[in-house]
Amino acid sequence: VDLPLNTTCTDYAPANRVFAGAWAEQHAATDFLVVIDSDTVWFAAPELPDGADACVRPVDFKGSATRGPGDRFEEYWARLAALAGVSLDRLPMLRSTVGNESIRASYNAGLTAARRDKGIFTGCAELFTASLAAGIRPYQGTGVNIVASTGHVGQAGSEFWGSSQAAMTLAIWKATERVVHYPDHYNVPLHLIAADGEIDPRWMRHFPVHLHYHWMFSPQHRDNALDLMATLGVPAEMMAWTRERTPLTGQGERSPREAATAR
């Protein structure tokens, strides 16, 4: 489907995913919807949570999440929660998957599975739209220029960075408490594994079902990406499939170390 769904926040590309998810929720007929970032690849079919309404991954690093009272982003989250009509204290505390920071729940937007009849994706789009009208942005006035998969986002888009994830998190917890976390072999952050040098054994317990490759399939990083995938245990037929389709042109060129600052 090719429709101009995002006409209100064109500086912030992740808003495309917000509005696409809402459109799909209103037009699909499946029990679940799975919304993913475009810089990801599946190596097996996803498991869907029979006993839950949403299945997610916590953010890799704290970023614009909040640790709670006194955090620089607590006011942003409080204002967004007020728009959503939900108490901020409803969000459980968890730990970011790579940084291991204690934060209020904030979910990586690269992978969200939710029951369609809960209206979570529509609720996310409605809350995100309300935040646009209210002028609420996590990095407002900071002048930061975030580095993402396609390169520098620009100051205008960077002011919104993390806002789609915040809206999704609050939409989930407004709709349900039946939330589970996908294990480490989902939404695997290949760019951050590359930045770490020695690979934490946790990433090798199961081959990646869903790989978030960011810019790692660009010509500059593709060979390193394939080596890492082999180390992570990606099956040979999937390695061959990936090798035939990479490198990808048009991806931002940056070092793995730069990835660690893009949060």
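**Close-up 1. The largest pocket of this predicted model holds about 940 Å³ of space.** Its lining is made up of 42 residues. To get your bearings, look for P14, D37, A148, W161 and H214, which lie nearest the centre of the largest pocket.

Close-up 2. Strand β6 gives the most, with 3 residues. Sorted by class, the lining of the largest pocket has 18 nonpolar, 17 polar and 7 charged residues.

**Close-up 3. The second largest pocket has a volume of about 160 Å³.** Here you can pick out the lining residues by name: R72, F73, E75, Y76 and R79, together with I136, R137, P138 and Q140. By class, 4 of the residues lining the second largest pocket are nonpolar, 1 is polar and 4 are charged.

**Close-up 4. The structure also holds 1 cavity of 30 Å³ or more.** The volume of this largest cavity is about 80 Å³. Around the largest cavity you will find R17, V18, G21, V35, A109, T112, F121, C124, S164 and M168. Two or more of the lining residues come from each of α1, β6, α3 (120-134) and α5.

**Close-up 5. Helix α1 gives the most to the lining of the largest cavity, with 3 residues.** As for the classes, the lining of the largest cavity has 6 nonpolar, 3 polar and 1 charged residues.

Terms used: Residues are numbered from 1 along each chain as its sequence is written. This is a predicted model: local features need pLDDT of at least 70, side-chain atom pairs count only at pLDDT 80 or more; totals for chains, interfaces and linings use all residues. Side-chain values use heavy atoms; hydrogens and water are left out. On a 1 Å grid over the protein atoms alone, a cavity is a set of points where a 1.4 Å probe fits but cannot get out, and a pocket is an open set with protein on both sides within 12 Å along at least five of seven lines; lining residues have an atom within 4 Å of a point. Grid points are joined across faces, edges and corners, and a volume is the space filled by probe spheres set on the points. Helices (H or I, at least four residues) and strands (E, at least two) are DSSP runs, numbered from the N terminus. Ala, Val, Leu, Ile, Met, Phe, Trp, Tyr, Cys and Pro count as nonpolar, Asp, Glu, Lys and Arg as charged, and the others, Gly among them, as polar.
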